[in-house]
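Dear colleague,

Please find below the structure that I am handing over to you. My notes on it follow.

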Amino acid sequence: MDEQYWMKKAIVEAKKALKYDEVPIGCVIVKDNQIIARGSNRRETKQRSIAHAEIIAIEKACRKLGSWRLDDCDLYVTLEPCPMCAGAIIQSRIRRVVFGAYDPKGGCVGSCTNLFAVPGFNHYPSYEGGILQPECSALLSDFFRKKRKLRKEQKKQGAPSD
């Protein structure tokens, strides 16, 4: 199976986040050509700053394998990992990272910086970005467009915004 196949599975997870009015970011972790863990953004629902799709998926994968080492695993995520998630990926020894949309304001696998290339770490995952980028980017831009429109309508009606 190829990168697009697994990225489509991550997109399914991102769409699950939408059901909770969360920023649509999804992640799957694959080992031996099977999904062993899934995650979708839950920061608002759980009110936890670390409830990112990647962190949730990494925690599930560790529980499933009974190990913090995920060295035979590949992670597919719809948005370029942030510094926290890139750090967790390094620490969990994930073999490969594939992401969809680039994140020019917070991505740390090439956009703002590249933690996977900082000298001195003991693990360096391989990575590829831009897989199904149009679909991944559209999920995000549509979500934020709807949020802005709703805020504008609420402001017009004099209702308090969140």
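**Findings**

Asp32 is exposed, because its relative accessible area of 64% is over the 50% cut-off. Please keep in mind that this is a predicted model. Asp32 belongs to the loop between strand 1 and strand 2. Its phi is positive, near 50°, although the residue is not a glycine. The two strands around this turn make a hairpin, with two residues between them. Strand 1 and strand 2 run antiparallel and are joined by six bridges. One of the residues involved is Ile29, whose bridge partner in strand 2 is Ala37.

Gln47 sits in the loop between helix 2 (43-46) and helix 3. Its phi is near 50°, which is again a positive value in a residue other than glycine. Is Gln47 buried or exposed? With a relative accessibility of 61%, Gln47 counts as exposed, because the cut-off is over 50%.

Five strands form an open sheet with mixed pairing, in the order 2-1-3-4-5. Strand 2 and strand 5 (126-128) stand at the edges with a single partner strand each, so one side of each has no neighbour in the sheet. From one strand to the next, the twist averages 15°. Strand 5 pairs with strand 4 in the parallel sense, over three bridges. Within strand 5, Tyr127 stands opposite Val97. Helix 5 lies across strand 3 and strand 4, and runs at about 60° to strand 4.

**Helix 3**

Helix 3 covers residues 53-65, which makes 13 residues. From its first C-alpha to its last it reaches 18 Å, close to the 18 Å expected at 1.5 Å a residue. Which residues of helix 3 are buried? They are Ala53, Glu54, Ile55, Ile56, Ala57, Ile58, Ala61 and Cys62. These buried residues pack against strand 1 (26-31), strand 2 (34-40), strand 3 (73-79) and helix 4 (83-91). After helix 3 comes Gly66, with a positive phi near 70°.

**The nonpolar core**

The largest nonpolar core has 40 residues, and those touching the most other members are Met7, Ile29, Ile58, Leu75 and Ile94. At least two residues of this core come from each of helix 1 (3-18), strand 1, strand 2, helix 3, strand 3, helix 4, strand 4 (96-101) and helix 5 (133-157). Setting aside residues up to four places away in sequence, Ile29 touches Gln34, Ile35, Ile36, Ala37, Ala57, Ile58, Ala61, Cys73, Asp74, Leu75 and Ile94.

**Ala14**

Finally, I would draw your attention to Ala14, which lies in helix 1. Ala14 counts as buried, because its relative accessibility of 0% is under the 20% cut-off. What does Ala14 contact, leaving aside its neighbours within four places in sequence? Its contacts are Pro24, Ile25, Gly26, Thr78 and Leu139. Ala14 and Leu79 are 65 residues apart in sequence, while their C-alpha atoms are 9.7 Å apart in space.

Yours sincerely

Conventions:
Residues numbered from 1 in each chain as written. Predicted model: local features only at pLDDT ≥ 70, side-chain atom pairs only at ≥ 80, totals over all residues. Heavy atoms only, no water. Helix = DSSP H or I, 4+ residues; strand = E, 2+ residues; numbered from the N terminus. Expected span 1.5 Å × (residues − 1). Buried < 20%, exposed > 50% of the residue type's maximum accessible area, 1.4 Å probe, protein only. Contact = heavy atoms within 4.5 Å. Pairing = 2+ DSSP bridges. Core = buried A, V, L, I, M, F, W, Y, C linked by side-chain atoms within 4.5 Å. Axes fitted to C-alpha atoms, helices over the stretch in contact; angles between N-to-C directions.
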